[in-house]
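Biologist: Please put the model up. I would like to learn how to read its features one at a time.

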Amino acid sequence: MKDKKGIISTGAVIGLISVLLVKYGNPANMGYCIACFLRDISGALGLHRAAVVQYIRPEIIGLVLGAFLMSFGMKEFRTRGGSSPFLRFVLGFIVMIGALMFLGCPLRMVLRMAGGDANALVGLLGFAGGIGVGILFLNKGFSLKRTYTLTSFEGFVFPSLNLGLLALLLAAPAFIFFSTEGPGSKHAPWLLALISGLIVGALAQRTRLCMVGGIRDLILFKDAYLISGFISIFAAALIGNLLITKSFHLGFSGQPVAHMDGLWNFLGMALAGWGSVLLGGCPLRQLILAGEGNIDSAITAMGMLTGAAFAHNFSLAASANGPAPNGKIAVIAGLIILLVVSYFNMEKEAIKMKGDVKLEA
């Protein structure tokens, strides 16, 4: 699965799955969105009370468990962590703020483009720009320091938490919130969503699929391996939208769960791209790594979950009507924080990143 044919096939499967999830109930252009689905889970747990975005998304549960089962079966499960954990929590928080300003993670950005949403092209430019800034600091020696081997038990905690979420989804106790309207109320049948997540998680684990890593490797090493997976996702989803859901609509206006403020679409994804480069992977990749036993990525996921809660509790998230004033302040503050973090974590010798491997310059 680690050759180009494998990742292109993986991208095609994920693109098709995303279209089918929309056909069977997920919001339009949101067959898969890590940021949106973590936001929904945060709401379902009562961490925020935005009634229209509350649902325990089985896609996230399946993603983590699929990566866990595949890595365990292939003897790649390794419990490790200790690489600037609190900074990773903060960076995960900031990445979520940027994603919710844009209204989508990098994966949904590609799916939005495949649905004809021209606003996502603006987001892509910002995303690439943020990655470019992050690369400048990587070349100047940015590092969150080394990881350490931890006890195996700790690596099982995050997958176990996801099993607990699945139990809460199925039991639906009174203290769990479920939207009755809005994006949170639109979802595919839980079993279809769970199986889809398991497939995506397993394939993404084998291919190391990562949008941030794809653009980063293309810029640094002229290596198109990772980015070819997302090109394949776009192509498969585009064909699916044209032939299966017949929902392709080209333009800026009238796009589902999107706004047309180009500046803040750009800056939101710039924030998400820069933060993800510093973390070493996009939100999708962070969940896959957490499933593999990476505690640093599990902490990052907790930061994203908390960021989603703050975004809705303090009116930071954008909506179809556009960005909120508080959200604009949060994005600017996030860019300043990333600049400070990037500067004060530079080491003397430059380090370049490729895949999950550090290469000393």
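Biologist: Are arginine 216 and aspartate 217 buried or exposed?

Modeller: Buried means under 20% relative accessible area, exposed means over 50%, and partly exposed lies in between, with a 1.4 Å probe and protein chains only. By that rule arginine 216 is buried, and aspartate 217 is buried too. The two also form a salt bridge, with their closest N and O atoms 3.1 Å apart.

Biologist: What should I know about the model before going on?

Modeller: It is a predicted model, so local features need pLDDT of at least 70 and side-chain atom pairs count only at pLDDT 80 or more, while totals for chains, interfaces and linings use all residues. Residues are numbered from 1 along each chain as its sequence is written, and side-chain values use heavy atoms, with hydrogens and water left out.

Biologist: What is the mean pLDDT of the protein chain?

Modeller: pLDDT is the predictor's confidence in each residue, from 0 to 100. The mean for the protein chain is 95, and 96% of its residues reach 70 or more. Over residues 357-361, however, pLDDT is below 50, although this stretch has 13 contacts in the model beyond near neighbours in sequence; a contact means heavy atoms within 4.5 Å. Where pLDDT is low, the predicted coordinates should not be read in detail.

Biologist: How many salt bridges does a search of the whole structure find?

Modeller: A salt bridge is a side-chain nitrogen of Lys or Arg within 4 Å of a carboxyl oxygen of Asp or Glu. The search finds nine. One of them joins arginine 39 to aspartate 40, with the closest N and O atoms 3.0 Å apart. Arginine 39 is buried at a relative accessible area of 4%, and aspartate 40 is buried at 0%. Salt bridges link Arg39, Asp40 and Arg57 in a network.

Biologist: Which residue forms a salt bridge with glutamate 292?

Modeller: Arginine 80 does, the closest N and O atoms being 3.8 Å apart. Glutamate 292 sits in the loop between helix H12 (283-291) and H13, and arginine 80 in strand E1 (residues 80-81), so this pair ties together parts that are 212 residues apart in sequence. Helices (H or I, at least four residues) and strands (E, at least two) are DSSP runs, numbered from the N terminus. Glutamate 292 is buried, with a relative accessible area of 5%.

Biologist: How do I read a phi angle?

Modeller: Most residues other than glycine have a negative phi. Leucine 103 has a positive phi of about 75 degrees although it is not a glycine. Leucine 103 lies in the loop between helix H4 (85-102) and helix H5 (106-114), and counts as buried because its relative accessibility is 5%.

Biologist: Where is serine 315 found?

Modeller: Serine 315 is in the loop between helix H13 (295-313) and helix H14 (325-344). Serine 315 has a positive phi of about 55 degrees and is not a glycine. At 42% relative accessibility, serine 315 counts as partly exposed. Leaving aside neighbours within four places in sequence, serine 315 is in contact with Phe310, Ala324, Asn326 and Gly327.

Biologist: Which residues make the nonpolar surface patch?

Modeller: A patch is made of residues with over 30% relative accessible area and no salt bridge; like charges are joined within 9 Å, and nonpolar side chains (Val, Leu, Ile, Met, Phe, Trp, Tyr) within 5 Å. Areas come from the Shrake-Rupley method with a 1.4 Å probe, and for residues only the protein chains shown count as cover. Here Leu16, Leu20, Tyr24, Leu192, Ile239, Leu242, Leu243, Ile244, Phe248 and Leu250 make a patch of about 920 Å². Helix H1 (4-23) and helix H10 (225-243) are the elements that give two or more residues to the patch. H10 gives the most, with three residues.

Biologist: Which residues of H10 are buried?

Modeller: Among them are Tyr225, Phe230, Ile233, Ala236 and Gly240. Their cover includes H1, H5, helix H8 (190-207), helix H9 (211-221) and H12.
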